[in-house]
Amino acid sequence: MAAAKPAPTDSLSFCLAQLSAAAGEGLGGGKDTATNETPLGRALLALRTRHVKAAGGIERFRARGGLRPLLALLRRAAAAGPAPSQAGPGSAPSSVVSAASSGPAPSPGPAPSAASSSTPSPPARLRKTLDLALSILANCCTEGACRAEVRRLGGILPLVTILQCVKTDSIQNRTARALGNLALEPESCGDIHSAGAVPLLVESLTACQDSQCRQSVVRALRNLADSPQHRLALAQQGAVRPLAELLAAAPDPALTLALVRALLELSRGCSRACAEQLSLGGGLGPLVSLASDPKRAVREATILILANLCAQGLVRPALGNAGGVEVLLGELRRRRGPNGASPASQQPLVRAVCLLCREAINRARLRDAGGLELLMGLLRDPRASAWHPRVVAALVGFLYDTGALGRLQALGLVPLLAGQLCGEAGDEEEEGREAASWDFPEERTPERAEAGSFRSLRSWLISEGYASGLGDISADWSPERCPPPAEPANRASPSPGPTSLRTPRALRPPGRSPVAAEEPWGREGPALLLLSRFSQAPDPSGALVTGPALCGLLACVTGAPGPPSPRVLRILARLTCNPACLEAFVRSYGAALLRAWLVLGVAPDDWPALRTRPARRSQHQHQHRELGEMLLQNLTVQAESPFGVGALTHLLLSGSPEDRVACALTLPFICRKPSLWRRLLLDQGGLRLLLSALTRPAPHPLFLFFAADSLSCLQGLVSPSVSPALLPAIPLDLDPPSPCLYEPLLGPAPIPAPDLHFLLDSGLRLPAQRAASATASPFFRALLAGSFAEAHMDLVPLRGLSPSAAWPILHHLHGCRGCGAALGPVPPPGQPLLGSEAEEALEAAGRFLLPGLEEELEDAVGRIHLGPQGGPESVGEVFRLGRPRLAAHCARWTLGPGQCPRKRALALVGLVEAAGEEAGPLTEALLAVVMGVELGARGPSLDC
């Protein structure tokens, strides 16, 4: 069978020639165009169905110059079409301006069809030509090179003119499709906006009835929303409300998907106009319903639209009424589940849920739907640390919701807030003015220093009839406007009371009263506001008087670059003045922590190694010290009251072992009445209880630091006028204070001549006088003047002695006292004493019954290792020698009144490590120093 003869339209050159001829002749010229209709129609049909759709066809069509005649044909076709009733051809921009100024087009019913429109339908020939030409142009504009050339050739304005003049659904569909493809280029998108296409697309959306046409228009509007400026322009020209109305009409699934995708783009950075139109168009209810659509694309786009709408306060109450709170919470809970999405996909939902907390009605729905637990889960998640400031700021909305606060406290909010104070979390992300609470829409967005929840409180009071208007409720009731206590009249008062916690003078603007002064609001502001609310409870001890909470508050005080926040000062003052918190301060070592951190300047991070931090001005350190002393004075007032005495007595006598130790440690800090602390610590065994706990596992990371400070304070209470002096150091570069009596025996011509030599294990012979050696010690008297063989020997062996250890013994036997020989075997500080020649000399002095030499050697060890050149690490080394007098020296060095708190604590750590399981010697030594007596000396009884 012979092959079919190829048609002329199979040639791209033939089709382009027909297109060029038609563009040159025009469709409305003087020639009879009926003879050209069939070749032009066939050429356009072949271009659309074969040449353009073939692989690489669009590029060939553009390269052969097909776009120029195609656009020229569209211009002539648009000029030949029917004119709109409002204006003539080519007046699209002016009609766009009039449409934009008239606002969104109302839709009080079904839109009129194209046949019933006031604009007459174009001839069938023109409509077919436009259909084919627009279809070819729309297909070509799917490629970037063609879009750029169409824009260069000025092809956007003819499309807008066709959109304005030809009101046929098929023409509107293909024109909108071409404009939508062109809008993929940012430059073309701006030109389309400038040409006035948006009002025409909105008009087409409300007028046409064809679903395909509507989808093309919706897609064009979506592509035109490529920037915040263009999205705002679309909303201001009424593009959102028709989309919402179509969505409310329950269209077919394809159109529904197109609508939600367009609304998702338009709602990014949601503007006020967008939210208003979407709400007025009845789109909130359908959006909430579509959040459970079986199609995933529709469902996810709808949820993001709801999240974007939460940025506008005016729509959040209506969104909550439509069920949006439950939808967003459920989706966020699902995404945070084990099989949930990545944290990045949770960010818009977290922001939306936090914004929903700004209105009272939505807070109630969120609380009932389990939103508090979800927000607490976010705070506990370290992966969500970037959202923590936002979540804490959202929880401020529940400031006056007693039930919600109780639930949050039970869920562990206070430790998490304290962690916010200690951590390095960033500031809360700023929201626009439109995101403010809509409880009071007539009010302007307040500054950050005002509490949004206070406005919710006022709304509730007015709605319940407790107040008739806004003027009945003073803003001073808000915690943000809590007036600082008045300054005392006598500023030279030596003992500041609780009223001395006041706003620093530098924070008060000149010319304003203290009541009207605004407090600084930093990143810790929301957390402090919540903690302040918790501290106002009758018994806040369970939540706030804990180790983590106190560490957070104190870190906020000392970590501030300037004066601390007045609110944190009020919180601490409120807690220390509350009798219900006294036992909690004792159990949690809170009083000891206040003294260590504020008065002594040692934070938990500074122990045992000092942390590197920026140097603070001495003025701030002085303020911190004054604050710590004032807080301890508040606790002292509570402890010495009848209630406090009973509570402390019960805690010390009937509490758990841990509570009894904590009470004994805390008493020296908060008790100043001698009758009270003597009865509890001395008569009822509190001191021995504390000392016996030193060698047990530490109940607190800073327990030994607290214990050293407590024992030092107690020593000052027991003996306020006694200042035990540290052992003075002997200058080694000066002559000894007393002459050496043994040195004359060592010369070449000794006077008197030695009548005895001691032979050491090393073979060294040391000269000696028999009479002097025999009278110095009962041991040598029996050895040299008794019935032993050595009494008749001129060379007496001394076993187990090194020359350095024997040297002070020979000096002592010949009457030397304080000549410096005892310093010889003592190693310098930093070297171990166990196994040294000093220990050997001490052991030999005891073996040879030389108690005076033992004391002299112990004094030498103390002068060298416990003097100014010695450090806290030497205290444990000296204690390991096991000498009672040296143990007393170590305890005295540790608890000395002028000792550095850090060195004192490090010395106690060394003593505890040296004592090991044998706590008896250490306990007795510390007890003797605290009570102001020497071991073995006559003095007060140590049975305490």
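**Why these names?**

Visitor: Why is Asp381 called buried?

Guide: Asp381 has a relative accessible area of 10%. Buried means under 20%, exposed means over 50%, and partly exposed lies in between, using a 1.4 Å probe and protein chains only. At 10%, Asp381 falls under the 20% limit, so buried is the word. By the way, this is a predicted model, where local features need pLDDT of at least 70 and side-chain atom pairs count only at pLDDT 80 or more, while totals for chains, interfaces and linings use all residues. Residues are numbered from 1 along each chain as its sequence is written, and side-chain values use heavy atoms, leaving out hydrogens and water.

Visitor: What makes Arg383 exposed?

Guide: Arg383 comes in at 66%. That is over 50%, so Arg383 counts as exposed.

Visitor: How do you know that Arg383 and Asp381 form a salt bridge?

Guide: You need a side-chain nitrogen of Lys or Arg within 4 Å of a carboxyl oxygen of Asp or Glu. For Arg383 and Asp381, the closest N and O atoms are 3.3 Å apart, so the pair passes. Shared partners also join Glu854, Glu858, Asp859, Arg883 and Arg885 into one network of salt bridges. By this rule the count comes to 30.

Visitor: What makes Arg151 partly exposed?

Guide: Arg151 has 37% relative accessibility, and Asp191 has 30%. Both values lie between the two limits, so both residues are partly exposed.

Visitor: How do you know that strand β1 pairs with β2?

Guide: Two strands pair if DSSP finds at least two bridges between them. Strand β1 (residues 756-759) and β2 have four bridges and run antiparallel, so they qualify. Within this pairing, His757 stands opposite Pro767 in β2.

Visitor: What makes β2 and β3 edge strands?

Guide: The open sheet has three strands in the order β2-β1-β3, with mixed pairing. Strands β2 (765-768) and β3 (795-797) each pair on one side only, and they are the edges.

Notes
Helices (H or I, at least four residues) and strands (E, at least two) are DSSP runs, numbered from the N terminus.
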